[in-house]
Amino acid sequence: MSSKSAPRSALRDFLESESAGGMLLIFAAIMAMIVANSTFAETYNHLIHAVTGPVLTDKLGPMTVHLWINDGLMAIFFLLVGLEIKREFVDGRLATWGRRILPMVAAAAGMAAPAAIYLAFAGATPGLAQGWAIPAATDIAFAMGVLALLGKRAPTSLKLFLITVAIVDDMGAVAIIALFYTANIHLVALGAAAAILGVMFAMNRLGVKSLALYLVAFLILWYAMLLSGVHATIAGVLAAMAIPFERTPGAPDSEASPLHRLEHGLHPWVAFAIVPLFGFANAGVDVRGLGPEQMFAPLPLGIAAGLFLGKQLGIFGSVWLAVKLGIAGRLRGATWLQVYAVAILCGIGFTMSLFIGGLAFPGDAALVEEAKIGILMGSLVAALSGFALLRLAPPHPDHDAIESETNAEIAADGDVRDTSDRKEPAAT
């Protein structure tokens with residue numbers, strides 16, 4: 001007689017899909033660079049910007065392959081981001097304030113320091129100040145892909161810390177996009193979007209669990225946001241907040257929970273299709289004939305310095321200070337050198353940085369290309385440096401025992417109670 005297998009946890013799926021998807025993203029970015037610097041460059045650019053659809057808004061004009069990816073498919077990416085944020089804050093590693101302190105402090109410092117460094121390098125140049133947020137975001141998939149190359153040498157606590165910081169980081173990036181990179185607001189369309197979102201929350205309160213109905217509403221919400229002037233991808237995060245969710249404290253994820261089902265369903269599509277496709281469509285930069293004067297111009301230099309220097313200073317500095325002040329505990333099973341290496345890896349800002357770069361300089365292809373150069377330089381140096389340091393760093397003395405304990409926690413209830421060595425008091 002066959003027995004029903006235990007449900008897979010969203011966390012386990014996330015760790016595996018982000019690692020494998022991150023490696024695919026790295027491959028897609030490399031392929032984009034190769035094609036963009038080969039005899040196929042013209043074909044690549046023609047394909048990316050080919051007109052493939054109607055005029056959905058006067059602002060965007062005819063839809064192209066590039067627009068469908070950046071404004072359409074990336075809304076699904078943001079939907080998944082929103083689902084992860086909601087799960088983590090309701091029933092995950094961010095469910096209590098004690099667990100939120102370290103990743104929130106690290107994420108905040110990890111966004112502020114790169115922005116400050118960028119402004120120090122490029123802020124005085126006319127027209128470049130609006131690019132301050134480009135180096136502020138961390139690419140989860142790319143960083144997890146680098147960690148996957150290390151196999152079991154990378155402690156699970158470091159992977160979970162990276163994921164949690166990046167999720168909080170994504171929240172900040174979403175807020176930045178909504179507040180600072182929004183065009184003129186169309187109030188009627190924005191009101192329609194608010195009404196649709198209200199209907200979705202009402203469906204939630206009434207106990208509607210049909211994912212098909214929520215996804216149809218999400219599609220309508222996306223179009224209303226597209227017309228409103230607020231970037232359409234924000235619809236993904238907003239829609240995720242309305243998806244019903246069943247808490248399962250101390251137990252694996254509920255198979256009946258609509259949020260868990262949608263998250264499980266979206267992970268492979270986002271990790272193995274949408275994000276690599278975005279990387280291939282946006283990372284192709286022609287660097288033939290590129291000299292030091294272009295590479296070290298204020299914009300690319302500011303972005304690269306913000307990603308590589310700002311992230312490690314902000315994240316490692318804030319974590320070290322939080323631990324020394326007794327605000328948070330040290331990461332369980334990780335040495336300080338490994339924590340520093342992961343802080344460097346957080347300087348991989350690929351996906352979200354490319355996305356914000358396109359929003360920061362709309363209509364200025366030359367500056368967008370310069371921004372891509374800076375993003376690629378900073379992300380590459382961060383990836384290689386972080387990987388080398390993690391590869392050479394001695395493991396924690398109790399690495400094997402702590403990893404076994406962590407894996408047992410994930411198998412038991414689908415998540416890890418705490419990634420730090422300071423345990424929270426049991427709930428009463």
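Q: Is Ala 189 buried or exposed?
A: This is a predicted model, where local features need pLDDT of at least 70, side-chain atom pairs count only at pLDDT 80 or more, and totals for chains, interfaces and linings use all residues. Residues are numbered from 1 along each chain as its sequence is written, and side-chain values use heavy atoms, leaving out hydrogens and water. Buried means under 20% relative accessible area, exposed over 50% and partly exposed in between, with a 1.4 Å probe and protein chains only. Ala 189 has a relative accessibility of 8%, so Ala 189 is buried.

Q: Which residues does Ala 189 touch, not counting those up to four places away in sequence?
A: Ala 189 sits in helix 7 (residues 187-205); helices (H or I, at least four residues) and strands (E, at least two) are DSSP runs numbered from the N terminus. Touching, or contact, means heavy atoms within 4.5 Å. On that basis, the partners of Ala 189 are Ala 224, Leu 227 and Ser 228.

Q: Are helix 10 and helix 14 parallel, perpendicular or oblique to each other?
A: Axes are lines fitted to C-alpha atoms, for helices over the stretch in contact, and angles run from 0 to 180 degrees between N-to-C directions. Angles under 35 degrees count as roughly parallel, over 145 as roughly antiparallel, 65 to 115 as roughly perpendicular and the rest as oblique. Helix 10 (residues 258-282) and helix 14 (residues 350-360) have axes 10 Å apart, at an angle of about 50°. That makes helix 10, relative to helix 14, oblique.

Q: Which residues of helix 14 meet helix 10?
A: Let's look at both sides of this contact. Helix 10 brings Val 275, Phe 278, Gly 279 and Asn 282.

Q: What kind of aromatic pair do Tyr 44 and Phe 280 form?
A: Rings of Phe, Tyr and Trp (its six-membered ring) pair if their centres lie within 6.5 Å; planes under 30 degrees apart count as stacked, over 60 as edge-to-face and the rest as tilted. The whole structure has eight aromatic pairs. For Tyr 44 and Phe 280, the centres are 5.4 Å apart and the planes stand at 90°, a pair that is edge-to-face.

Q: How many residues apart are Tyr 44 and Phe 280?
A: Tyr 44 is buried at 5% relative accessible area, whereas Phe 280 is partly exposed at 25%. Tyr 44 belongs to helix 2 (residues 41-48) and Phe 280 to helix 10. The pair links distant parts of the chain, and the number of residues apart is 236.
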